[in-house]
Amino acid sequence: MIVLLTMGDFMKKGIFEWAIIIWTILLVLLITGWIMIEFYNWKDTIVAAIIAFVGAIIGGSITLIGVNNTIQSNKELALKNSIPKVLENIEEFRVQLIGSYNKAFEFSNPIEVVRIFEAEIVKRGLFKIAANIDKEIYQELDVFIDDFSDCGKEYESFCSSELFINHHKLWEIDPGSAMEDNEYKNEFKRVKDNFGLSALEVQSKFLERLDIMKNNYLNQL
């Protein structure tokens, strides 16, 4: 049972392969020594030297295993000690991200929303906070900003449409009639609502991944 547990621990620590190599070398040396003694009548001093060499290899192997276990334990301890700070950064990241989103949506124009949102992310230092969490969330923040910006593509298309252009021409001539242009108002509302829903969905998915990361760290405590 002890042997099996030790082997299992070796495998977890990633040195089981090294143990196989070392003991294979020892086996080859022992067999070679036996052949030399049996068929070539080697002297006792040579046998003693072989035994000493084998002992040195065994001692070195045990030392290697001990050092490796110590290194692994120190890494695990360092990771565990860093988790509270990472969790603090995750919570700060969430607060600042939602704050950026709410600030941006004070504007009705989707293009302005995107611009303000990106500016708030920089202003609130979200990339710096992300870097203090881990590399993955830092890279995902870049993707998230791109996805958020893509939500405004429909509005960009709307701004170049004939309906939009004609409406603004009408506004310059007759503001009263332009304000009563229901076709324009309905289309603008539809595009703006679609943008809001898409942007919210993109942010929600990003926050969900952040929650999963937070739970993974909590499980390691």
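Colleague: Which residues in H5 meet which residues in H6?

Modeller: This is a predicted model, and in it Leu126, Phe127, Ala130, Ala131 and Ile133 on the H5 side meet Ile137, Tyr138, Leu141, Asp142 and Ile145 on the H6 side. By class, that contact between H5 and H6 has nine nonpolar residues, one charged residue and no polar residues.

Colleague: And what angle do those two helices make?

Modeller: Helix H5, covering residues 126–133, packs against helix H6, covering residues 135–150, at an angle of about 145°, and their axes are 7 Å apart.

Colleague: What about glutamine 139, where does that lie?

Modeller: Glutamine 139 lies in helix H6, and its C-alpha atom is separated by 9.3 Å from that of phenylalanine 127, a residue 12 positions away along the chain. With a relative accessible area of 44%, glutamine 139 is partly exposed.

Colleague: Stepping back, how many helices and strands does the chain have?

Modeller: The secondary structure comes to 10 helices and zero strands, so that reading from the N terminus the elements run α-α-α-α-α-α-α-α-α-α. Of the 221 residues in the chain, 29% count as buried, while the chain exposes about 14600 Å², with carbon and sulfur atoms supplying 62% of that area.

Colleague: Of the contacts between residues at least 6 apart in sequence, what share join residues at least 24 apart?

Modeller: That share is 74%, taken among the contacts in the chain between residues at least 6 apart.

Colleague: Changing topic to charges, how many salt bridges does a search of the whole structure find?

Modeller: The search finds 11 salt bridges, and one of them is formed by arginine 124 with glutamate 120, where the closest N and O atoms are 2.8 Å apart.

Colleague: Is glutamate 120 buried or exposed?

Modeller: Glutamate 120 counts as buried because its relative accessibility is 7%, which is under the 20% cut-off.

Colleague: Where is glutamate 120 placed, and what does it touch beyond residues up to four places away?

Modeller: Glutamate 120 has its place in helix H4, which covers residues 110–123, and once residues up to four places away in sequence are set aside, glutamate 120 touches Ser100 and Lys103.

Colleague: Which residue forms a salt bridge with glutamate 154?

Modeller: Glutamate 154 forms a salt bridge with arginine 190, and the closest N and O atoms of the two are 2.9 Å apart. This pair links distant parts of the chain, since glutamate 154 is in helix H7 (residues 153–159) and arginine 190 is in helix H10 (residues 182–219), 36 residues apart.

Colleague: How accessible are those two, glutamate 154 and arginine 190?

Modeller: Glutamate 154 counts as partly exposed at 32% relative accessibility, and arginine 190 is also partly exposed, with a relative accessible area of 36%.

Colleague: Staying with H10, where do aspartate 193 and lysine 189 sit relative to each other?

Modeller: Aspartate 193 and lysine 189 both lie in helix H10, four residues apart, which is about one turn of the helix, and their side chains meet in a salt bridge at 2.8 Å, N to O. Aspartate 193 is partly exposed, with a relative accessible area of 33%.

Colleague: Which residues do salt bridges with shared partners join into one network?

Modeller: Salt bridges that share partners join Glu154, Glu187 and Arg190 into one network.

Definitions and conventions. Residues numbered from 1 in each chain as written. Predicted model: local features only at pLDDT ≥ 70, side-chain atom pairs only at ≥ 80, totals over all residues. Heavy atoms only, no water. Axes fitted to C-alpha atoms, helices over the stretch in contact; angles between N-to-C directions. Contact = heavy atoms within 4.5 Å. Nonpolar A, V, L, I, M, F, W, Y, C, P; charged D, E, K, R; others polar. Buried < 20%, exposed > 50% of the residue type's maximum accessible area, 1.4 Å probe, protein only. Areas by Shrake-Rupley, 256 points an atom, 1.4 Å probe, with all protein chains shown as cover. Salt bridge = Lys/Arg side-chain N within 4 Å of Asp/Glu carboxyl O.
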